[in-house]
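Please read the points alongside the coordinates.

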Amino acid sequence: MNSRPAAGGGRWVDVPPARMARWIEGFTERHGGPPEIGPGPDGLRLAAPDGTAAVLHPPPGMPGADDLAGFLAAVGAPRRLGLLLARKGAVAVGVADGERLVVSKVDTRYVQGRTAAGGWSQQRFARRRDNQAKAAMADAAELAVRLLLPEADRLSAVVGGGDRRAVDGILADRRLAPLVPLRAERLLDVPEPRHAVLVEAVTAARAVRVLVRDPE
């Protein structure tokens, strides 16, 4: 499970579906007895007797739940997710059915890095870099059209990862308009997309994000 600080205080914990029930048991043991449980605007809220609070944010594509039993049942249910990971000239596109990656493709196109040269040379390099970036974006959009668009009616959500601007640019392709309403708010923090990264992204996309805040 990954833990990291949250803006405004507290910490985020990513919990895989299979470990969610055990995490709640541990939360109960650590903070003094059964918590009060109720729905909130962002997910299911747990308030422990010692003042510690946790908000369970549903993973992409999961319907909301007003009680813990319903939440745990929905978390463990298999969902079909589209994955779109992009950074610079690299893109990885996949479809996950539950925990399995059933469709995948990775593509890399060279995009020149920034240069410190000045004058005409700098402008020439900048134009070349811009053209390379546009070509990489077009290739990535084509890949999404081929792999994700035919799945649009079966996907619970489309989860992006990597560079937000790159993902935005790919989904701006008009052919991909049916995928836009399916796009999850969650953006996965991933390195340069590779097949192994895409496989790991399936787990990250299915995880429950828990915001834990200690008593003030």
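How many salt bridges does the structure hold? The structure, a predicted model, holds 15 salt bridges.

1. Within helix α1 (residues 20-30), R22 and E25 lie 3 residues apart, which means that about one helical turn separates them. Their side chains form a salt bridge, at 3.4 Å from N to O. R22 is partly exposed, with 47% relative accessibility, and E25 is likewise partly exposed, at 43%.

2. A salt bridge also joins D97 and R100, whose closest N and O atoms are 3.9 Å apart. D97 is partly exposed at 29% relative accessibility, whereas R100, with a relative accessible area of 52%, is exposed. Both residues belong to a network of salt bridges that links R80, D97, R100, E151 and R154.

3. E99 pairs with R206 in a salt bridge, the closest N and O atoms being 3.8 Å apart. This pair connects distant parts of the chain: E99 sits in the loop between β7 (90-97) and β8 (100-108), and R206 lies in helix α5, 107 residues apart. E99 is exposed, with a relative accessible area of 63%, while R206 is buried at 8% relative accessibility.

4. Helix α5 (residues 195-206) comprises 12 residues and reaches 17 Å from its first C-alpha to its last, close to the expected 16 Å. Its buried residues are V197, L198, A201, V202, A205 and R206. These residues lie on the same side of α5, because they cover an arc of only 165° around the axis.

Terms used. Residues are numbered from 1 along each chain as its sequence is written. This is a predicted model: local features need pLDDT of at least 70, side-chain atom pairs count only at pLDDT 80 or more; totals for chains, interfaces and linings use all residues. Side-chain values use heavy atoms; hydrogens and water are left out. Helices (H or I, at least four residues) and strands (E, at least two) are DSSP runs, numbered from the N terminus. The expected span of a helix is 1.5 Å times one less than its number of residues. Buried means under 20% relative accessible area, exposed over 50%, partly exposed in between (1.4 Å probe, protein chains only). The arc is that of the directions from the helix axis to the C-beta atoms. A salt bridge is a side-chain nitrogen of Lys or Arg within 4 Å of a carboxyl oxygen of Asp or Glu.
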